[in-house]
Amino acid sequence: MNLASETRNDVVIIYVKEERLDAHNSTELKSAVQKLFEDGKKNVLVDLKDVRFIDSSGLGALVSGFKNAISHQGNLKLSSLQSQVKSMFELTRLHRVFEIFPSTVEAVENFQS
Amino acid sequence: MGNTIEVDIKVPNKTRYLSLIGKIGEDIARELERYSGDKEVLAYHLNLVLTEAMVNAIKHAGPKEPEKLVRIVITLHHDDLTIRVYDDGQGFDINTIPAPNFEELEDRGRGIFLIRTLMDSVAYRKNCKENMLEMKKKLS
(Lines give C-alpha, C1' and ligand atoms only; values in the text may rest on other atoms or scores of the structure.)
Protein backbone atom coordinates (compact mmCIF):
# COMPACT_ATOMS: atom_id res chain seq x y z
CA MET A 1 0.00 0.00 0.00
CA ASN A 2 1.22 3.46 -0.86
CA LEU A 3 1.34 5.64 2.25
CA ALA A 4 3.18 8.92 2.64
CA SER A 5 3.66 10.84 5.86
CA GLU A 6 4.86 14.13 7.22
CA THR A 7 4.90 15.78 10.63
CA ARG A 8 3.43 19.24 11.02
CA ASN A 9 3.22 20.95 14.42
CA ASP A 10 3.51 17.65 16.27
CA VAL A 11 0.78 16.06 14.15
CA VAL A 12 1.74 13.03 12.08
CA ILE A 13 -0.17 13.17 8.80
CA ILE A 14 -0.60 9.89 6.91
CA TYR A 15 -1.58 10.36 3.28
CA VAL A 16 -3.31 7.30 1.85
CA LYS A 17 -2.06 7.41 -1.74
CA GLU A 18 -4.50 4.81 -3.02
CA GLU A 19 -7.70 5.01 -5.02
CA ARG A 20 -9.22 2.19 -2.97
CA LEU A 21 -9.05 1.55 0.78
CA ASP A 22 -10.45 -1.96 1.00
CA ALA A 23 -9.98 -5.49 2.33
CA HIS A 24 -6.92 -5.86 0.13
CA ASN A 25 -4.85 -3.06 1.64
CA SER A 26 -6.51 -1.72 4.80
CA THR A 27 -4.53 -3.98 7.16
CA GLU A 28 -1.38 -2.05 6.22
CA LEU A 29 -2.96 1.25 7.18
CA LYS A 30 -4.18 -0.28 10.43
CA SER A 31 -0.66 -1.49 11.27
CA ALA A 32 0.95 1.84 10.33
CA VAL A 33 -1.41 3.77 12.63
CA GLN A 34 -0.99 1.25 15.43
CA LYS A 35 2.80 1.59 15.22
CA LEU A 36 2.63 5.38 15.49
CA PHE A 37 0.69 5.23 18.75
CA GLU A 38 2.90 2.46 20.10
CA ASP A 39 5.91 4.64 19.31
CA GLY A 40 4.45 7.36 21.51
CA LYS A 41 2.91 9.67 18.92
CA LYS A 42 -0.21 11.37 20.25
CA ASN A 43 -1.71 13.18 17.27
CA VAL A 44 -2.39 11.33 14.03
CA LEU A 45 -4.25 12.66 11.02
CA VAL A 46 -5.27 10.33 8.20
CA ASP A 47 -5.77 12.20 4.94
CA LEU A 48 -8.04 10.45 2.43
CA LYS A 49 -7.85 12.95 -0.44
CA ASP A 50 -6.81 10.32 -3.00
CA VAL A 51 -9.26 7.68 -1.79
CA ARG A 52 -12.20 7.36 -4.14
CA PHE A 53 -13.57 4.12 -2.67
CA ILE A 54 -13.75 2.71 0.85
CA ASP A 55 -15.34 -0.58 1.94
CA SER A 56 -16.26 -1.96 5.37
CA SER A 57 -12.70 -3.21 5.91
CA GLY A 58 -11.31 0.25 5.21
CA LEU A 59 -13.79 1.75 7.67
CA GLY A 60 -12.83 -0.98 10.14
CA ALA A 61 -9.13 -0.12 9.86
CA LEU A 62 -9.91 3.52 10.72
CA VAL A 63 -12.12 2.46 13.65
CA SER A 64 -9.24 0.31 14.88
CA GLY A 65 -6.92 3.33 14.64
CA PHE A 66 -9.43 5.46 16.54
CA LYS A 67 -9.62 2.91 19.35
CA ASN A 68 -5.83 2.68 19.39
CA ALA A 69 -5.66 6.43 19.82
CA ILE A 70 -8.01 6.30 22.80
CA SER A 71 -6.07 3.52 24.50
CA HIS A 72 -2.85 5.55 24.14
CA GLN A 73 -4.46 8.84 25.24
CA GLY A 74 -3.99 10.14 21.71
CA ASN A 75 -6.14 11.53 18.92
CA LEU A 76 -6.93 10.30 15.44
CA LYS A 77 -8.72 12.60 13.03
CA LEU A 78 -9.54 12.48 9.33
CA SER A 79 -9.29 14.97 6.48
CA SER A 80 -10.13 15.52 2.81
CA LEU A 81 -12.89 12.93 2.34
CA GLN A 82 -14.38 12.69 -1.15
CA SER A 83 -18.16 12.99 -1.09
CA GLN A 84 -18.94 9.33 -1.79
CA VAL A 85 -16.43 8.21 0.84
CA LYS A 86 -18.02 10.59 3.32
CA SER A 87 -21.43 9.13 2.59
CA MET A 88 -20.14 5.70 3.68
CA PHE A 89 -19.26 7.20 7.07
CA GLU A 90 -22.78 8.59 7.27
CA LEU A 91 -24.40 5.29 6.26
CA THR A 92 -22.52 3.46 9.04
CA ARG A 93 -22.98 6.36 11.53
CA LEU A 94 -19.21 6.70 11.82
CA HIS A 95 -19.38 10.42 11.02
CA ARG A 96 -20.53 10.80 14.64
CA VAL A 97 -17.38 9.07 15.86
CA PHE A 98 -14.63 10.71 13.83
CA GLU A 99 -13.68 14.34 13.66
CA ILE A 100 -13.57 15.02 9.94
CA PHE A 101 -12.01 18.14 8.38
CA PRO A 102 -12.11 19.50 4.82
CA SER A 103 -8.32 19.86 4.62
CA THR A 104 -5.10 18.97 6.45
CA VAL A 105 -4.61 22.66 7.32
CA GLU A 106 -7.91 22.86 9.17
CA ALA A 107 -7.33 19.53 10.87
CA VAL A 108 -3.83 20.46 12.07
CA GLU A 109 -5.19 23.74 13.43
CA ASN A 110 -7.84 21.81 15.33
CA PHE A 111 -5.22 19.58 16.98
CA GLN A 112 -3.56 22.73 18.36
CA SER A 113 -6.72 24.23 19.79
CA MET B 1 -28.86 -1.20 -24.14
CA GLY B 2 -30.57 -4.46 -25.10
CA ASN B 3 -32.97 -6.29 -22.87
CA THR B 4 -30.50 -8.47 -21.02
CA ILE B 5 -26.85 -8.47 -20.22
CA GLU B 6 -25.06 -11.14 -18.25
CA VAL B 7 -21.52 -11.12 -16.96
CA ASP B 8 -20.24 -14.46 -15.68
CA ILE B 9 -16.73 -14.32 -14.27
CA LYS B 10 -14.49 -16.50 -12.12
CA VAL B 11 -11.51 -15.13 -10.24
CA PRO B 12 -9.12 -16.63 -7.69
CA ASN B 13 -10.38 -16.06 -4.14
CA LYS B 14 -7.83 -13.36 -3.43
CA THR B 15 -8.45 -9.79 -2.33
CA ARG B 16 -6.25 -8.42 -5.12
CA TYR B 17 -9.16 -9.09 -7.51
CA LEU B 18 -11.64 -6.95 -5.55
CA SER B 19 -10.86 -3.89 -7.63
CA LEU B 20 -11.40 -5.76 -10.90
CA ILE B 21 -14.79 -7.08 -9.79
CA GLY B 22 -15.86 -3.75 -8.31
CA LYS B 23 -15.05 -1.92 -11.54
CA ILE B 24 -17.34 -4.22 -13.52
CA GLY B 25 -20.19 -3.06 -11.29
CA GLU B 26 -19.23 0.57 -11.85
CA ASP B 27 -19.13 0.12 -15.61
CA ILE B 28 -22.57 -1.50 -15.66
CA ALA B 29 -24.04 1.42 -13.67
CA ARG B 30 -22.57 3.95 -16.09
CA GLU B 31 -23.98 2.12 -19.11
CA LEU B 32 -27.59 2.27 -17.90
CA GLU B 33 -29.52 4.47 -20.28
CA ARG B 34 -32.82 4.65 -18.49
CA TYR B 35 -31.68 4.93 -14.87
CA SER B 36 -33.22 8.05 -13.37
CA GLY B 37 -31.00 8.34 -10.29
CA ASP B 38 -27.40 9.44 -9.93
CA LYS B 39 -25.31 6.96 -11.92
CA GLU B 40 -22.11 7.79 -10.07
CA VAL B 41 -23.74 7.01 -6.73
CA LEU B 42 -25.11 3.76 -8.16
CA ALA B 43 -21.64 2.96 -9.56
CA TYR B 44 -20.15 3.30 -6.08
CA HIS B 45 -22.89 1.20 -4.52
CA LEU B 46 -22.49 -1.65 -7.05
CA ASN B 47 -18.72 -1.52 -6.61
CA LEU B 48 -19.27 -1.75 -2.85
CA VAL B 49 -21.76 -4.62 -2.78
CA LEU B 50 -19.60 -6.64 -5.18
CA THR B 51 -16.53 -5.93 -3.05
CA GLU B 52 -18.28 -6.85 0.21
CA ALA B 53 -19.85 -10.01 -1.23
CA MET B 54 -16.55 -11.19 -2.64
CA VAL B 55 -14.71 -10.48 0.64
CA ASN B 56 -17.32 -12.59 2.41
CA ALA B 57 -16.85 -15.41 -0.06
CA ILE B 58 -13.08 -15.25 0.47
CA LYS B 59 -13.38 -15.08 4.27
CA HIS B 60 -15.69 -18.04 4.47
CA ALA B 61 -13.87 -20.21 1.98
CA GLY B 62 -12.81 -23.61 3.16
CA PRO B 63 -9.26 -24.86 3.67
CA LYS B 64 -6.69 -22.65 2.00
CA GLU B 65 -6.15 -23.80 -1.52
CA PRO B 66 -4.69 -21.42 -4.06
CA GLU B 67 -6.81 -22.90 -6.84
CA LYS B 68 -10.14 -21.96 -5.29
CA LEU B 69 -12.27 -19.63 -7.34
CA VAL B 70 -15.08 -17.23 -6.64
CA ARG B 71 -17.73 -17.10 -9.35
CA ILE B 72 -19.75 -13.95 -9.84
CA VAL B 73 -22.75 -13.66 -12.12
CA ILE B 74 -24.26 -10.25 -12.77
CA THR B 75 -27.54 -10.23 -14.67
CA LEU B 76 -29.41 -7.16 -15.82
CA HIS B 77 -32.80 -7.89 -17.33
CA HIS B 78 -34.75 -4.73 -18.10
CA ASP B 79 -34.52 -2.85 -14.77
CA ASP B 80 -33.83 -5.90 -12.62
CA LEU B 81 -30.29 -6.35 -11.44
CA THR B 82 -29.30 -9.65 -9.87
CA ILE B 83 -25.83 -10.36 -8.50
CA ARG B 84 -24.96 -13.89 -7.48
CA VAL B 85 -21.69 -14.74 -5.76
CA TYR B 86 -20.79 -18.42 -5.53
CA ASP B 87 -18.07 -20.04 -3.48
CA ASP B 88 -17.28 -23.61 -2.63
CA GLY B 89 -16.16 -22.99 0.92
CA GLN B 90 -17.90 -23.73 4.18
CA GLY B 91 -20.29 -20.85 3.72
CA PHE B 92 -22.07 -18.71 6.22
CA ASP B 93 -25.67 -17.89 6.86
CA ILE B 94 -26.20 -14.15 6.56
CA ASN B 95 -29.44 -14.48 8.49
CA THR B 96 -27.44 -15.25 11.62
CA ILE B 97 -25.40 -12.06 11.28
CA PRO B 98 -26.79 -9.32 13.51
CA ALA B 99 -27.03 -5.69 12.43
CA PRO B 100 -24.09 -3.65 13.71
CA ASN B 101 -24.48 -2.10 17.11
CA PHE B 102 -23.86 1.56 16.35
CA GLU B 103 -23.13 2.34 19.98
CA GLU B 104 -20.24 -0.10 20.10
CA LEU B 105 -17.18 0.69 18.06
CA GLU B 106 -16.44 -2.62 16.40
CA ASP B 107 -13.72 -3.01 13.77
CA ARG B 108 -15.83 -5.49 11.84
CA GLY B 109 -19.40 -6.41 10.98
CA ARG B 110 -20.45 -3.64 8.58
CA GLY B 111 -20.16 -5.54 5.28
CA ILE B 112 -23.47 -7.40 5.31
CA PHE B 113 -25.18 -4.33 6.78
CA LEU B 114 -24.00 -2.29 3.78
CA ILE B 115 -25.20 -4.94 1.31
CA ARG B 116 -28.60 -5.11 3.01
CA THR B 117 -28.88 -1.33 3.05
CA LEU B 118 -27.96 -0.80 -0.60
CA MET B 119 -29.79 -3.73 -2.21
CA ASP B 120 -33.53 -4.48 -2.24
CA SER B 121 -33.15 -8.10 -1.23
CA VAL B 122 -30.39 -10.42 -0.08
CA ALA B 123 -30.60 -14.20 0.17
CA TYR B 124 -28.16 -16.91 0.94
CA ARG B 125 -28.41 -20.47 -0.31
CA LYS B 126 -26.24 -23.42 0.48
CA ASN B 127 -26.15 -26.88 -0.97
CA CYS B 128 -23.66 -29.71 -0.78
CA LYS B 129 -21.64 -28.35 -3.69
CA GLU B 130 -21.52 -24.61 -3.22
CA ASN B 131 -22.88 -21.52 -1.52
CA MET B 132 -24.57 -18.61 -3.19
CA LEU B 133 -25.22 -15.07 -2.03
CA GLU B 134 -27.95 -13.53 -4.15
CA MET B 135 -28.56 -9.79 -4.16
CA LYS B 136 -31.28 -8.02 -6.12
CA LYS B 137 -32.04 -4.43 -6.91
CA LYS B 138 -34.55 -2.67 -9.11
CA LEU B 139 -32.79 -0.04 -11.18
CA SER B 140 -35.26 2.54 -12.38
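**Helix packing in a predicted model**

Mentor: This model is predicted. In it, the crossing of H3(A) and H2(B) is right-handed.

Trainee: Is H3(A) parallel, antiparallel, perpendicular or oblique to H2(B)?

Mentor: H3 covers residues 83-91 of chain A. Its axis packs against that of H2(B) at about 60°, with the two axes 11 Å apart. Angles under 35 degrees would be roughly parallel, and roughly perpendicular starts at 65. So H3(A) is, relative to H2(B), oblique.

Trainee: Which residues of H2(B) does H3(A) meet?

Mentor: From H3(A) come A:Gln84, A:Val85 and A:Met88. The residues of this contact divide into five nonpolar, two polar and one charged. On H2(B), the partners are B:Glu40, B:Val41, B:Tyr44, B:His45 and B:Leu48.

Trainee: Now chain B itself. Is H1(B) roughly parallel or antiparallel to H2(B)?

Mentor: H1 spans residues 18-31 and H2 spans residues 39-59. Their axes come within 7 Å and cross at roughly 150°. Over 145 counts as roughly antiparallel. Therefore H1(B) is, against H2(B), roughly antiparallel.

Trainee: Is the crossing of H1(B) with H2(B) left-handed or right-handed?

Mentor: Take the pair H1(B) and H2(B) again, with axes crossing at roughly 150°. H1(B) passes H2(B) in a crossing that is right-handed.

Trainee: How many residues of the contact of H1(B) with H2(B) are nonpolar?

Mentor: H1(B) contributes residues including B:Leu18, B:Ile21 and B:Ala29. Among those from H2(B) are B:Leu42, B:Leu46, B:Leu50 and B:Met54. Four residues of the contact are polar and four charged; the nonpolar ones number nine.

Notes. Residues are numbered from 1 along each chain as its sequence is written. Chains are lettered from A and ligands numbered from 1 in the order in which they are written. This is a predicted model: local features need pLDDT of at least 70, side-chain atom pairs count only at pLDDT 80 or more; totals for chains, interfaces and linings use all residues. Side-chain values use heavy atoms; hydrogens and water are left out. Axes are lines fitted to C-alpha atoms, for helices over the stretch in contact, and angles run from 0 to 180 degrees between N-to-C directions. Helices (H or I, at least four residues) and strands (E, at least two) are DSSP runs, numbered from the N terminus. Angles under 35 degrees count as roughly parallel, over 145 as roughly antiparallel, 65 to 115 as roughly perpendicular and the rest as oblique. A crossing is left-handed if the near helix is turned anticlockwise from the far one by less than a right angle, and right-handed if clockwise. Contact means heavy atoms within 4.5 Å. Ala, Val, Leu, Ile, Met, Phe, Trp, Tyr, Cys and Pro count as nonpolar, Asp, Glu, Lys and Arg as charged, and the others, Gly among them, as polar.
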